[in-house]
Amino acid sequence: MAGVQELSPCSHKTKMEENASLIYGLASCPATSFHEEMVAEFILAYLKDFGLEADRDSFGNIITKYQKGEARDTMALVAHMDHPGLEIIEANGNAPRSNLLGGVRPEYFQKDVSVRIFSGDKVVPGVIKRCTPAQADGLSVLDLETQGQVKVGDFGVWDIDDFQERDGFFHLRAADDLAGCGAALGTLRELSRAGATASVYAVFTRAEEVGLIGATLVAKEGLLPKDTIIVSLESSRELPGAQIGEGPVIRVGDARSTFHPEAERFLLAARDKLIAEDPSIKIQRQLMSGGTCEATAFSVFGYRSTGIAFPLGNYHNMSEGNELKAEYISSKDFDTGISLLVKAAQEAAAPGENTLMQRFITLSDRYRSRMML
Ligand SMILES: [Zn+2]
């Protein structure tokens, strides 16, 4: 992972350069479900640079809060630290077996896939030779050949470059969900730098890829006050109406549920304000039905939830020709996402008038007398 001096705010960097180096720092931390420690250390160091204390809950999720002034509503930005990968279940000399953690289709393992296995301080190169798809509720099994000894409980990631920035795109092995973690960190950075009035939690969860586990535990155990507005931050596969480079997507819902209009209202108000300041800014709004996100885990336990998604290419690294490649998002979508969240946090703290209601009132007032019988 990047050294801590890499994380320090640097006055001569533009905001976009700062965002890119934030993503680079996160991307340098390999992780999969249950093995998020390197990402967590990076996040804790970054928060410290902005004077923000963070707690680990009993499950290892990170919860921090930015609080300045009196805020009407409190928001929580939720992102997960893991990404699909593997965990060793039998050491077996140089032919270990592992479980696949997260959703990658079996056809992506028909050809050999190179991996890096993290075993203590060693990085052991290996190749996935075979995939036995999951039965019932179980996990798929991946048979490996490694160039060294590994242990039960070690984890591995695909041997794909951590990060490249090319032609306006961030290419990452794990844009899902390091872009979400980066958006939460970038938002807290901007709020604290501006000393803005707002009340915002950031929650960095574990084990999302195996069933939204960290988020569910936070929601079920009530670790956030019940009136908190939840904003799930995800990268989600590109869909018609939610295209890469056309802006971050205000997420109306996911594959399993429709989100809450009271929560979405702050994002819409923030969008309108940003567009009023700069009409060229791009923000989309769409039902992202490609998967289920952490907003739903909070909704089912009674929280008002909404979400933002960065449209993503090569979802879960699944590229054309059954090859695993880097995921990618637009760097501009990412920068705009942070601007949107900064505004939305301020909007939640001191909501402006409900412009939609105001519009309906003005129109109905105009025709009220004509409507009278
Ligand atoms: Zn995912």
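This is a predicted model: local features need pLDDT of at least 70, side-chain atom pairs count only at pLDDT 80 or more; totals for chains, interfaces and linings use all residues.
The protein chain is divided into two parts, with domain 1 made up of residues 4-83 together with 162-349, and domain 2 of residues 85-158. The centres of domain 1 and domain 2, taken over C-alpha atoms, are separated by 28 Å. To the contact, domain 1 contributes 14 residues and domain 2 contributes 18 residues. On the side of domain 1 that touches domain 2, these residues comprise five nonpolar, seven polar and two charged ones.

Helix α1, which spans residues 15-27, and helix α7, which spans residues 331-349, have axes that come within 10 Å and cross at roughly 105 degrees. Because angles of 65 to 115 degrees count as roughly perpendicular, α1 and α7 are described as roughly perpendicular to each other. In this contact, Lys-15, Met-16, Asn-19 and Ala-20 of α1 meet Ser-331, Phe-334, Asp-335 and Ile-338 of α7. By class, the residues of the contact of α1 with α7 divide into four nonpolar, two polar and two charged.

Strand β19 consists of residues 327-330 and is covered on both faces, with Glu-327 and Ile-329 buried on one side and Tyr-328 and Ser-330 buried on the other. In general, the side chains of a regular strand alternate between the two faces of the sheet. The pairing of β19 with strand β11, residues 169-172, is antiparallel and extends over four bridges. Within this pairing, Leu-172 has Glu-327 of β19 as its bridge partner, and Glu-327 is also one of the buried residues of that strand.

Technical notes:
Residues are numbered from 1 along each chain as its sequence is written. Axes are lines fitted to C-alpha atoms, for helices over the stretch in contact, and angles run from 0 to 180 degrees between N-to-C directions. Helices (H or I, at least four residues) and strands (E, at least two) are DSSP runs, numbered from the N terminus. Angles under 35 degrees count as roughly parallel, over 145 as roughly antiparallel, 65 to 115 as roughly perpendicular and the rest as oblique. Two residues are in contact if their C-beta atoms, placed from the backbone, lie within 7 Å. Ala, Val, Leu, Ile, Met, Phe, Trp, Tyr, Cys and Pro count as nonpolar, Asp, Glu, Lys and Arg as charged, and the others, Gly among them, as polar. Domain bounds come from an automatic or database domain assignment. A residue is buried if 20 or more other C-beta atoms lie within 10 Å of its own, exposed if 12 or fewer, and partly exposed in between; C-beta atoms are placed from the backbone. Two strands pair if DSSP finds at least two bridges between them.
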